[in-house]
Amino acid sequence: MATFNVQVIIENKPGISDPEGDTILNDLVLKGTHKTVSKIKTAKMLKFTIKEKDKKTAESKIQEICDELRIYNPVVSKVSVVVFDA
Amino acid sequence: MKVGVVVFPGSNCDRDMYHVLTDVFNLDTQYYWHEKSLPKNIDAVILPGGFSYGDRLRAGVIAAHSPIIKDIQKMAEKGIPILGVCNGFQILVESGLLPGVLLKNESLNFMCEWINLIVENNKTPFTNQFKLHEKIPIPIANGEGRYYVDDNTLKQLKKKNQIVFRYSQVVNGSSNRIAGVCNPAGNVVGMMPHPERAVESEINPVDNKPSSLIFESLMVKMGVVN
């Protein structure tokens, strides 16, 4: 068994409004000198530490947890799972 | 008639709801802690407002995994009237008993104000005493109250008459100004505004009668006459 650190990023699906991201873009970033930025999306990140036999198993286990326990709401959100060696 | 008020860690409108059910409408009411089961002979279940589990992860999602939810699902299937108010609505949505999701208000603010609801479905156990399109002055108090459904689901909701309440004007960016919905059978109803804060004339600056009809509808449905 090895230990892995897993980042779970929960963000809105395309088309779901993100007023916080829009405010950061329009009222902070674009009001400065950073005119090349065109989009900001907010997201929530959970960091898991998990012991599994390999990276692939760790990823599928975390995905299973996210789906089963509704860590993200599939109506409006999507989740991405990224595994790192601890 | 026995009514259950479910209490989750972080519920904070449970006592207001209990007070209204017992002191205003003289109903036999009991609290049920979320880790306990519900008795088989219960006639209606209310999930009150509050901040179950401090809204951690997402409003209502952790409470949606509470043991009592399995009993509530069974009762929903049997047709027993179930009402979720505010956080109770969020829990019903997150447990899959009602469609859609509640997102942060468009303003990102916690909104605490009096609004007007329009009754869009007067066939549910909580709205059968209303005239269609009757207006209800009622308070909202929420941060995550923006009801969202995709366009296809919205069509389905309209087709199956599942939109129970709409705001009379844009309040928080909800899809189709929806403030409350029901399941296809109509016995499970969720609403963001707080009827328990509006049924007594002492604390309602506009008109307490419309909100009272929500509870009176339930009593009529159950054949209770006070």
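**Where does Arg146(B) sit?** The place of Arg146(B) is strand β8 of chain B, residues 146-148. Here, strands (E, at least two residues) and helices (H or I, at least four residues) are DSSP runs, numbered from the N terminus.

A word on what you're looking at: this is a predicted model, where local features need pLDDT of at least 70, side-chain atom pairs count only at pLDDT 80 or more, and totals for chains, interfaces and linings use all residues. Residues are numbered from 1 along each chain as its sequence is written, while chains are lettered from A and ligands numbered from 1 in the order in which they are written.

**View 1. Arg146(B) and its surroundings.** Is Arg146(B) buried or exposed? Arg146(B) counts as buried because it has 23 C-beta neighbours inside 10 Å. The cut-offs go like this: 20 or more other C-beta atoms within 10 Å of a residue's own makes it buried, 12 or fewer makes it exposed, and anything in between is partly exposed, with C-beta atoms placed from the backbone. Setting aside neighbours within four places in sequence, Arg146(B) is in contact with Leu102(B), Leu103(B), Lys104(B), Asn105(B) and Glu106(B), and also with Asn172(B), Gly173(B) and Ser174(B). "In contact" means that the two C-beta atoms, placed from the backbone, lie within 7 Å. Thr124(B), 22 residues apart from Arg146(B) along the chain, has its C-alpha atom 22 Å from that of Arg146(B).

**View 2. Chain B as a whole.** Chain B has 5 helices and 11 strands, and 53% of its 226 residues count as buried. Its C-alpha atoms fill a box of roughly 40 × 35 × 35 Å along the principal axes. A compact globule with 226 residues would have a radius of gyration near 17 Å, and the 16 Å of chain B agrees with that. That radius is taken over C-alpha atoms, and the globule rule is 2.2 Å times the number of residues to the power 0.38. Take the contacts in chain B with a separation of 6 or more: 75% of them come from residues 24 or more positions apart.

**View 3. The nine-strand sheet of chain B.** Follow the order β2-β1-β3-β4-β11-β10-β9-β6-β7 and you've walked across an open sheet of 9 strands with mixed pairing. β2 (28-33) and β7 (135-142) of chain B stand at the edges with a single partner strand each, so one side of each has no neighbour in the sheet. On average, neighbouring strands of this sheet are turned by 25 degrees against each other, direction ignored. Two strands pair if DSSP finds at least two bridges between them. Strand β1 (residues 2-7) of chain B pairs with β2(B) in the parallel sense over 6 bridges, and Lys2(B) stands opposite Asp28(B) in β2(B).

**View 4. The largest nonpolar core.** This core has 69 residues, and those with the most contacts inside it are Ile46(B), Phe89(B), Leu92(B), Val188(B) and Met191(B). Helix α2 (residues 68-78) of chain B gives the largest share, 5 residues. A nonpolar core is a set of buried Ala, Val, Leu, Ile, Met, Phe, Trp, Tyr and Cys residues joined through C-beta atoms within 7 Å. Not counting residues up to four places away in sequence, Phe89(B) touches Gly84(B), Leu102(B), Gly190(B), Met191(B) and Met192(B).

**View 5. Two loop residues with positive phi.** Asn26(B), in the loop between α1 (14-24) and β2 of chain B, isn't a glycine, yet its phi is positive at about 55 degrees. Asn26(B) counts as exposed because it has 12 C-beta neighbours inside 10 Å. Asp55(B), in the loop between β3 and α2 of chain B, isn't a glycine either, and its phi is near 60 degrees. With 18 C-beta neighbours inside 10 Å, Asp55(B) counts as partly exposed.

**View 6. The three-strand sheet of chain A.** In chain A, 3 strands form an open, antiparallel sheet in the order β2-β1-β3. The edge strands, β2 (43-52) and β3 (77-85) of chain A, each pair on one side only. Strand β1 (residues 2-12) of chain A is joined to β3(A) by 9 bridges, and Gln7(A) has Val82(A) as its bridge partner there.

Technical notes:
Axes are lines fitted to C-alpha atoms, for helices over the stretch in contact, and angles run from 0 to 180 degrees between N-to-C directions.
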